[in-house]
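Dear colleague,

Please find below the structure that I am handing over to you, with its sequence. My notes on what was found in it follow directly after.

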Amino acid sequence: MRRNKTNRFVLFAMLGDAVVLYAAFLTAYFIRMHNQSPPLMPLHTLQGYNPAALITIGLCLLIFVFYGLYDLRRQLSMIDEYARLIKAVTFALVLALTMTFFFKYYERSRFLVMIFWATAVVFELGFRWLLWKIVKVRRSRGWDTLNMLILGVDNKRLAAEKILQLHPELGYRCAGNLALDPKRDLGASKEEPISAELAKKIAAVMVKIRLDGIILTFPIKYYEQMIGIVTWCEEKGLEAHYITSVVDIMTSKAIQEELQENVFLENTQDSQQFWKGLLKRLMDEIVSLGVVLVTSPLWLLIAIAIKLDSAGPVFFKQERVGRFGRHFVIYKFRTMHTSAPKYSVTPRQKSDPRITRVGAFLRQTSLDELPQFINVIKGDMSLVGPRPEQPFLVKKYNRAIYHRRHLVLPGLTGLWQVSGRSDKPMEENVKYDLYYIKHHSLLFDLVILARTVPTVLSKRGAY
């Protein structure tokens, strides 16, 4: 039922975006048409611009998908939504202009493009405001409501329940509120991630009502104990949300940040971490967008080479473990034959028969990892951080210290990669990741990125 609701919402939102964007283009065209005095050049006919406009609108919709603008979010504020919307529209127009340059389509007006950008942003902000108003009103009336069980310590769980009651538009209904001891009830062992007593309490709630998820309200110091209950929730098909402050969120679909700021802001250090994280995120997006734009012709050449070399898809997609244990899909250019197992340890040797001829070159030059900049743009990864591991490998490393690697976003590159350790297994390099997590800063990231360039050029650890 929820999947049907989501599909209908996505279809409605995409059709609405397409109509709104074309209306923005028509508005921009007529504004430009009534401003043709010198030094502006005469404008071509509307029919002459229609193909480029439709291609640009298609790019916008595609990039909206990558930016998660079709997810059914549960949030009080739309600031983050608006920021991502403006970045997505800007990226789409820049990408469209880049394409016209490479394909030598010069029938365009720069002034028209500028007006189109402004009208598209204004129209889309208005449409998205209206769209989410409709969603919030419907949720207040019981549509798409999730039953959540609150688990925690102190008065935070009571504050969480109060917030959910005050804001029914979030679409969360409190199905229970349990106080428990994290040391006793969480992280009992790898085989029993939660205590039998806690399992019985949750089961009792599930008997009475359809339970959709659990909200955890524990201090960050209990992070390792909570890994168990998050994993347990995923196995039971339950959403798991962890709230303690602006920064410390453990969830696959995080509850809105205002909720955390109003209730769970613990100390001033969180504010400092927030600004550090914001600057890091800005650098990630600006650099990644620039790399994707500059290398876009190379992507086309690589795709053609892969298709000519071997049968199968251009891109390789694989599930990895990211921040706070959240699973995500990582993208790479395919370097192996399709008969190779999707999840396995890849031997670091040039003679591996599973690797294609083009794949060997891509690995040696690290070009196979170019699509991971899409993961950075989506927010699954960062430019710098611990490398994301496959789920079956993470399960092997059952020492608590390994899970600390999931306190930050995984990265394209990291400290141990540029320290000549990229050919070593994870358990030998975890101390490098822990050092980075403790001391990471914008300057530290820039140093690692600068050292990554000669590392890639020297082809160290390419296999």
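Phe64 and Tyr70 are both buried in this predicted model. Their ring centres lie 6.3 Å apart with the planes at 55 degrees, so the pair is tilted. The structure holds 10 aromatic pairs. Tyr22, Phe25, Tyr29, Phe30 and Phe116 are joined by ring pairs into a cluster.

Another pair is formed by Phe315 and Phe333: the centres of these rings are 5.3 Å apart and the planes meet at 20 degrees, so this pair is stacked. It links distant parts of the chain, since Phe315 belongs to strand S6 (residues 315–321) and Phe333 to strand S7, 18 residues apart. Phe333 has a relative accessibility of 1% and therefore counts as buried, whereas Phe315, at 39%, counts as partly exposed.

Strands S6 and S7 run antiparallel and are joined by 7 bridges. Within this pairing, Glu319 has Val329 in S7 as its bridge partner. The hairpin of S6 and S7 has 5 residues between the strands, and Phe324 takes a positive phi near 55 degrees there.

Strand S7 (residues 327–333) also contains Lys332. Lys332 is buried but has no salt bridge.

As to charged pairs elsewhere, the structure holds 7 salt bridges. One of them joins Asp445 to Lys280, with the closest N and O atoms 2.5 Å apart. Asp445 lies in helix H16 and Lys280 in helix H10 (residues 268–309), so this pair ties together parts that are 165 residues apart in sequence. Both partners are buried: Asp445 has a relative accessibility of 1%, and Lys280 has a relative accessible area of 14%.

Helix H10 also holds Glu285 and Arg281, which are 4 residues apart, about one turn of the helix. Their side chains meet in a salt bridge (3.3 Å, N to O). Residues three or four places apart in an α-helix point the same way, because the helix has 3.6 residues a turn. Glu285 is buried, with a relative accessible area of 8%, and a network of salt bridges links Lys87, Arg281 and Glu285. A further salt bridge is found between Asp212 and Arg210, where the closest N and O atoms are 2.2 Å apart; Asp212 is buried at a relative accessible area of 11%.

Helix H16 (residues 442–457) has 16 residues, which should span 22 Å at 1.5 Å a residue; the end C-alpha atoms are 23 Å apart, which agrees. The buried residues of H16 are Phe444, Asp445, Ile448, Thr452 and Thr455.

Gln390 is placed in the loop between strand S8 (382–384) and helix H13 (391–396). With 8% relative accessibility, Gln390 counts as buried. Its C-alpha atom is separated by 9.6 Å from that of Gly322, 68 residues apart along the chain.

Finally, some totals. The protein has 16 helices and 9 strands, and 49% of its 463 residues count as buried. Of the contacts between residues at least 6 apart in sequence, 72% join residues at least 24 apart.

With kind regards

How values were computed:
Residues are numbered from 1 along each chain as its sequence is written. This is a predicted model: local features need pLDDT of at least 70, side-chain atom pairs count only at pLDDT 80 or more; totals for chains, interfaces and linings use all residues. Side-chain values use heavy atoms; hydrogens and water are left out. Helices (H or I, at least four residues) and strands (E, at least two) are DSSP runs, numbered from the N terminus. Buried means under 20% relative accessible area, exposed over 50%, partly exposed in between (1.4 Å probe, protein chains only). Lys and Arg count as positive and Asp and Glu as negative; His and the chain ends are not counted. A salt bridge is a side-chain nitrogen of Lys or Arg within 4 Å of a carboxyl oxygen of Asp or Glu. The expected span of a helix is 1.5 Å times one less than its number of residues. Rings of Phe, Tyr and Trp (its six-membered ring) pair if their centres lie within 6.5 Å; planes under 30 degrees apart count as stacked, over 60 as edge-to-face and the rest as tilted. Two strands pair if DSSP finds at least two bridges between them. Contact means heavy atoms within 4.5 Å.
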